[in-house]
Every structure is written in C-alpha cells, then in structure tokens.
Amino acid sequence: MSRTTYREALRQGLREALARDPRVFLMGEDVGRYGGTFAVSKGLLDEFGEARIRDTPLSELAFVAAGIGAALGGMRPIVEVMTVNFCLLALDPLMNTAAALRHMSGGQFSVPLVVRMTTGAGRQLAAQHSHSLEGWLAHIPGLKILAPATLEDARGMLWPALQDPDPVLLFEQGALYNVEGELDEGEAVDIRSARVRREGSDLSLIAYGGTLGKALAASEQLAGEGISAEVVDLRVLRPLDDATVLASVRKTRRALVVDEGWRSGSLAAEVMARIVEQGFYELDAPPARVCSAEVPIPYARHLEEATLPQVPGIVAAAKGLLGRI
C-alpha cells in the first residue's frame, strides 16, 4: 500500500502501459511538453520520448480520427481529450467509425483504442468545461464506457482497456484529481463489473465517478441516523452490470441513483428502468434519483454547488424512500 493521489494513480497506469507494450503511445493536446492540462502525463515525455508521447494540434476531430487509424494499423493508442464537452467534435469518428467497424466488417476489423477524457463539474470551469456527458456516449453500441472513481480503478483500468479489441472511453472526474488515498498497487481491476463499496440493508445508493464519494459520505451520515445504506459503484457504464445492481436492490428493496448528468434522458433513468423491468415486484418503494439541475453548469461557486448532487440532497432523498422525512 502507498499513499498517493488520483492524478498520480492515473499517471502510474499510463507509465505501466507504456512500459509493458511498445505499441502503446499517448497523444493529445499538451500531453507532452506541458505535461497534460491536468498534469496527468507530467514527466512521461522525458521518460518515453516524442514518438510515444505526442502533442497534437487543437482538433479533436483530427487526432481522435488519427488514433482510430493507428489502432486499425496495429498500434495501441491512448488519446486524451481535454474535457468531455470537446469530445462532441469527434463524435462522428467515434460513433460512425470506431464503434461501428467490427459490426460493419463482420468481425474482420477491430479498433483497440482508448480515449481518456475529463468529465464533471465542481472546479468553477463553467458551462463549456464542466458537463457530464458519459451517459450520452453510453448510448452507443460498440463502445465500452468506464468511470474510475477510486485510486485502484484510476491506475488499473487502463491496461485491461488496452487489451479490449473495441474502443474504450475512460472518463476521469476532474474534481477527483487531487483526492488522496491508499493505493494497493497489486490489485487487478475488473472492467466488466460494478462493485459494492459498502454493504447495507435498508436501501441501495447507486453511483459512479464523482458521485461515488458523495454517496459514501451520505451513507455515513445515514448510518448515524440508524439507516443502513449499501453503496454500489457502477464504474462500467456500458455494458451496465445489471446483475450486481439487481442483487443489491433485491436485498435492500429500495434504490436511489445518484448521477451528475442531467435528469432528462440520463444514465440514472436507464438504471432505474432496468431495476423496474427486472425487479419491480421486489421493490418496497419506487426507485428515486438525484441528478444535476437542468441548466448549463454555472461559474459562480455557490451556484455550481447548488446545481450538482450534494450529500444533503442524497440523504434527504434516501430518507424519503424510507418515509423518514
């Protein structure tokens, strides 16, 4: 065990992948000399050289498409998109090429590409750098969507993602970069399954990414009031691990989904629909959710905090499910 940060855990994952496979390289805006917009790739240029750590022009469309071509040519590219908002500029190659080629070629071609991007709010970066759009991309067949919320997942998800024959999008919640904790460097990471982070019996709090820590904090507060909340970390947003979610809900008989995305058309809505489809008769209350307010993320700190899911709102929603308000 060692004490480190989420940022450093991501850097360790990059370093390990680059060292293990000469086909792996990193490309994106400012990933080299500047060390990454969020300092995740700091020092890697000196360690691995310009052929492996490649700065690109400011064109997500161009360098994501170049990464797809490199993957088709036998390389294992890691493409960094500065924030999720800007991946929309590369949506055409992601959806119409990377996600579709295996299907369109009858299995003759695969695109072993990993795209890393920062998502989420909480850092006063306003509406063009703060949204949570991973639920949008989780709508697309052919993509795998990962959302590491712990140091172990931040370090350990990258290598198995690079072994996947299809494109993997890895979403790093920006507010987590400075989070410190103990990292078990020997732990293997499963990129197929959700994970129960806290056992409980009264209700299931289902979260991922930046909302996991808030769900865990809410579960601590609820425990002080005699309410036992189980916390499930989705962490794999496509394909969703229905089995782990349903096993938890069947035990607690109540479900609250916490999602930093907007409520309308949200990933939370999909999780709730699956719970109802597969476990309706085992529920003691309708599933509920806590999502971000349906506005562009504000710049002002007090407005940003009011827009996002917070611990008091999660606690209130949980107590409402139990009739404890």
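A residue counts as buried when its relative accessible area is under 20%. By that cut-off, 55% of the 325 residues in the chain are buried. The model is predicted, and it contains 13 helices and 14 strands. The chain is as compact as a globular protein of its length, because its radius of gyration of 20 Å is close to the 20 Å that the globule rule gives for 325 residues.

**Overall build**

- Along the principal axes, the C-alpha atoms of the chain occupy a box of roughly 60 × 45 × 40 Å.
- Of the contacts between residues at least 6 apart in sequence, 80% link residues at least 24 apart.
- The chain has an accessible surface of about 13,500 Å², and carbon and sulfur atoms account for 54% of that surface.

**Annotated span, residues 4-179**

- An unreviewed UniProt entry annotates residues 4-179 as "domain: Transketolase-like pyrimidine-binding".
- This span is 35% helix and 19% strand, and its end C-alpha atoms lie 8 Å apart.
- Asn178 sits in the loop between β7 (168-173) and β8 (180-183).
- Asn178 and Thr4 are 174 residues apart along the chain, yet their C-alpha atoms are separated by 9.2 Å.
- Leaving aside residues up to four places away in sequence, Asn178 touches Thr5 and Arg7.
- Asn178 counts as exposed because its relative accessibility is 58%, and the cut-off for exposed is over 50%.

**Helix α10 and its surroundings**

- Helix α10 spans residues 242-252, and its buried residues are Thr244, Val245, Leu246, Ser248, Val249 and Thr252.
- The strands against which the buried residues of α10 pack are β9 (195-198), β10 (203-207), β11 (229-233) and β13 (255-262).
- The buried residues of α10 also pack against a helix, α11 (267-279).
- The peptide bond from Arg238 to Pro239 is cis, with omega near -5°.
- After α10 comes Arg253, which has a positive phi near 70°.
- Arg253 belongs to the loop between α10 and β13.

**Residues with positive phi**

- Arg253 is not a glycine, but its phi is positive at about 70°.
- With a relative accessible area of 29%, Arg253 is classed as partly exposed, since that class lies between the 20% limit for buried and the 50% limit for exposed.
- Gln124 is another residue that is not a glycine, and its phi is positive at about 55°.
- Gln124 lies in the loop between β5 (114-119) and α6 (134-137).
- The relative accessible area of Gln124 is 22%, so this residue is partly exposed.

Technical notes. Residues numbered from 1 in each chain as written. Predicted model: local features only at pLDDT ≥ 70, side-chain atom pairs only at ≥ 80, totals over all residues. Heavy atoms only, no water. Helix = DSSP H or I, 4+ residues; strand = E, 2+ residues; numbered from the N terminus. Rg over C-alpha atoms; globule rule 2.2 N^0.38 Å. Buried < 20%, exposed > 50% of the residue type's maximum accessible area, 1.4 Å probe, protein only. Contact = heavy atoms within 4.5 Å. Areas by Shrake-Rupley, 256 points an atom, 1.4 Å probe, with all protein chains shown as cover. UniProt positions renumbered as here; feature names shortened; annotations may be inferred.
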